[in-house]
Each structure stands twice: as C-alpha cells, then as structure tokens.
Amino acid sequence: MKCNIICKFASGTIGIRKRQMNGNTVNIDTKTVERLETLVRASGKVSIVAHIRPDGDAVGSTLAMLHYLLSRGKDAVVIYSDPLPETLAFMLRGTPEENVLQWPSDSDSARERIAGSDLIFCLDCNSFSRTGDLEPMLRAARCSKVLIDHHLAPDAESFDVIFSETAVSSACELLFNVLMSMPDIHADASLIPAISATSLMTGMTTDTNNFANSVYPSTLTMASALLGVGVDRDAILSNLYQSGTEKRVRLWGYMLYQNMKLTDDDVAYMILTEEIASEFNISEGETEGLVNEPLRIASVKMSIFLKQDDAGFFRVSIRSKKGFSAVGCSKAYFHGGGHENASGGRLFFKANDGNPADISSPSQAEKYLLKVTSEYFKSGDYESR
C-alpha cells in the first residue's frame, strides 16, 4: 500500500514523498528527523498541545512526547485546552502534576508557558484552529513549531517541521515511528521511556477501537514492539473497558435500547439531549465509543451519534463500514472532517461566528438528520473513494 508523508523544513519548502508500508515500520524522512533533532537539542522550554476535548489518542501522544522529552532533560509540559475526561484520568499516573496544565484552571500558567516556549509540539490535530482558547497564543508564540498528526489537510504554513500521515491508525502510531527514527532511540523500542510506551499503546488502542478500525500492518508492528518491551496491555484494557461507572453502563443500555433508531437507508442514529445527560448524570468522556455499537448490526452501513452541547450545538460523531464514507457526510452536512470511516462535526442550533444556525432548535435535530442522510445516500456520494 502506498501512502503520502508530508514533510516541511525550516526553509519553508514542503516535500511529499511516497513510502511503502510493508508490515515492518513506517519509513520517516531522514532529513525531517534531523531537523527535529536539531530543534529538540536547541530547546529549553518545550510545550505540547493537542485538540480540544482530548481523547485517548490526544492524551496518549502528548504524554508519550512529554516523557520522551523529560528523559532527555528538557523542561517540558503538556497543555490541554479542556480538562481531561474522568475516563482517561488513569493515563496521568506517573506524570508529575507540574508537567500538566489544563485550561481554564491553569490559564495564567498556560499563557506564560506558551509565550516563553522555545519549541511547541502540536499532536493529533491538523491545525492550531482545533486547540480552542489556546489558538491565538500558539499562533503568536515566537518559537519553532512541530506538527505530528494523522488527519487530512495539515495547516502547513503554521509549522516549521511536519510529520503528516493519514494511513496510520493514530497520532500515537505516527509518533511511535518518529521516536523510533530519532538518533537516541535508533529503532530500539526498549529505549523509549516506559510511560511513553504505555501511553502510545493506550492511545492507539482507543483510536482503533481496540483494533477494530484503521488497523494497518504497521499498527500491528508497533503493538508487537511495545508488547515486546513490557507494555502491559491487560492493564490498559482493564483501565479502558473494565473500569467504568454504573451510570455509564446504564446510559449505554438506554441509548441502544430506547433511543437508537434506523433510517430507511440503514443509518443508525442516537441523539443524547441535555435532559437525558442530566438524568443519567454523565461526565465528559462517558459516551466515548458509543457510536460504534450500532455497527454490530449486519444491515447498518453508518452510525451517527449527536450529543447536545450547552454552547449551542450538537457534537456529531459518525462511523461507517467499509465502502461508506463517514467523512463525506460530515463535511457535507455537519461542518466536520476526519477519516474515511470515522469522522466528526457539529450541528448548530444557534448562530455561530456570524453564520446562521443549521436548525432552529434542538428538537429539530432528528428531522434534519433524517433529511440529510436520505439526501446523502440518494446522491451516491456516500461511497468511499
């Protein structure tokens, strides 16, 4: 399978190089690694950021990078633009509190830190525009900036060094291959700090839905290498899938039994309103993965999950089976993007940045969803490219 890696150097030139994924490793461009090594060596204070509402891949990749930099004696911190969900709090075990800042509680420290950084890493998002309130500070920072991401359309102009690859399972997988290419690691996974290795495995596991989605030969190569150096996958699975709350299990049961509906086009959908969320007293992160469940039904082609947000929109998660484009639906109707079979977006019921709302009230969400999915499947644009 041939894929593209986009590499950008300090000179501003961008190169796209074909590489072959052969089941061993992802071949990272040597000159880009050399440039990254130069930046890391020269840096004192390093800040690491990811997208808003961090998920497992965002947390895994940022913590892995953090502990790698700490192992090299760098003054490094991770800055999250939203508090971590309770479901992922276990990932912070072993990380000193002073090395993690969370907006907005640590807003003053975050501002000062970003302004004083010598180097900034942006992981698991293709642009600073996805970092929420941190965006203006990150753009204004007068330092070198590095992007490591697996989403489409990276904002190349905002970064000095870019590792961008869509045909990997996760940002964690891409970062694993970047680290393996660094001169101090020189392809020996045992030299990756233990916490970094565990964080990489955890993030990759969440983004593949435990090896159910977006798995490549290189994904399994990564997993094998990390298991080989002692990563405890059983502990990861226990923390991810066997440590939930009773209310989370009851909510999922309710949503699947009483809330899920199927359209004539074999699209399953669920709508989580503020009222339902309040009734079950759910916390951030407790619906993560719910959108995947309807795909267990043989006839279902696509699953859409809408979750009402108090900022005037529904968060939209879309998953699809092979042959049906989730990202096409997200881009066309939900202001979104993502991967071919796993995408996200928003459905606005209040005006946003001068743009009109998509629907007049939350109660109109189901009608809108039925209309646009019918239109999407009738158009023929639903087929994966």
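1. Basis of the note. The model is predicted: local features need pLDDT of at least 70 and side-chain atom pairs count only at pLDDT 80 or more, while totals for chains, interfaces and linings use all residues. Residues are numbered from 1 along each chain as its sequence is written, and side-chain values use heavy atoms, with hydrogens and water left out.

2. Strand β7 and its neighbours. Helices (H or I, at least four residues) and strands (E, at least two) are DSSP runs, numbered from the N terminus. Strand β6 (residues 119–123) and β7 run parallel and are joined by 5 bridges; two strands pair if DSSP finds at least two bridges between them. Within this pairing, K145 of β7 is the bridge partner of I120. Strand β7 (residues 144–149) is also parallel to β8, with 4 bridges between them, and L147 stands opposite I162 in β8.

3. Buried means under 20% relative accessible area, exposed over 50%, and partly exposed in between (1.4 Å probe, protein chains only). From β7, S144, V146 and I148 point one way, whereas K145, L147 and D149 point the other way, and all are buried. Strand β8 (residues 161–164) is likewise covered on both faces, with V161 and F163 buried on one side and I162 and S164 buried on the other.

4. Helices α5 and α6. Helix α5 (residues 171–181) packs with α6 at an angle of about 150°, their axes being 8 Å apart. Axes are lines fitted to C-alpha atoms, for helices over the stretch in contact, and angles run from 0 to 180 degrees between N-to-C directions. The angle therefore makes α5 roughly antiparallel to α6 (under 35 degrees is roughly parallel, over 145 roughly antiparallel, 65 to 115 roughly perpendicular and the rest oblique). C172, L175, F176 and L179 of α5 make the contact (heavy atoms within 4.5 Å) with S199, L200, G203 and M204 of α6.

5. Helices α6 and α7. The axes of helix α6 (residues 194–207) and helix α7 (residues 217–228) come within 10 Å and cross at roughly 145°. Residues A197, L200, M201 and M204 in α6 meet T219, M222, A223, L226 and L227 in α7. This contact has 8 nonpolar residues, 1 polar and no charged (Ala, Val, Leu, Ile, Met, Phe, Trp, Tyr, Cys and Pro count as nonpolar, Asp, Glu, Lys and Arg as charged, and the others, Gly among them, as polar).

6. The loop residue V215. V215 lies in the loop between α6 and α7. At 33% relative accessibility, V215 counts as partly exposed. Not counting residues up to four places away in sequence, V215 touches T208 and L220.

7. The sheet of 6 strands. This open sheet has the order β9-β10-β11-β12-β14-β13, with mixed pairing. Its edge strands, β9 (261–262) and β13 (337–338), each pair on one side only. Strands β11 (residues 302–309) and β12 (residues 313–320) run antiparallel and are joined by 8 bridges. Helix α9 (residues 246–259) packs on the sheet and touches β9, β10 (267–272) and β11, its direction making about 125° with that of β10. Helix α11 (residues 326–333) lies across β11, β12, β13 and β14 (342–348), and runs at about 20° to β14.
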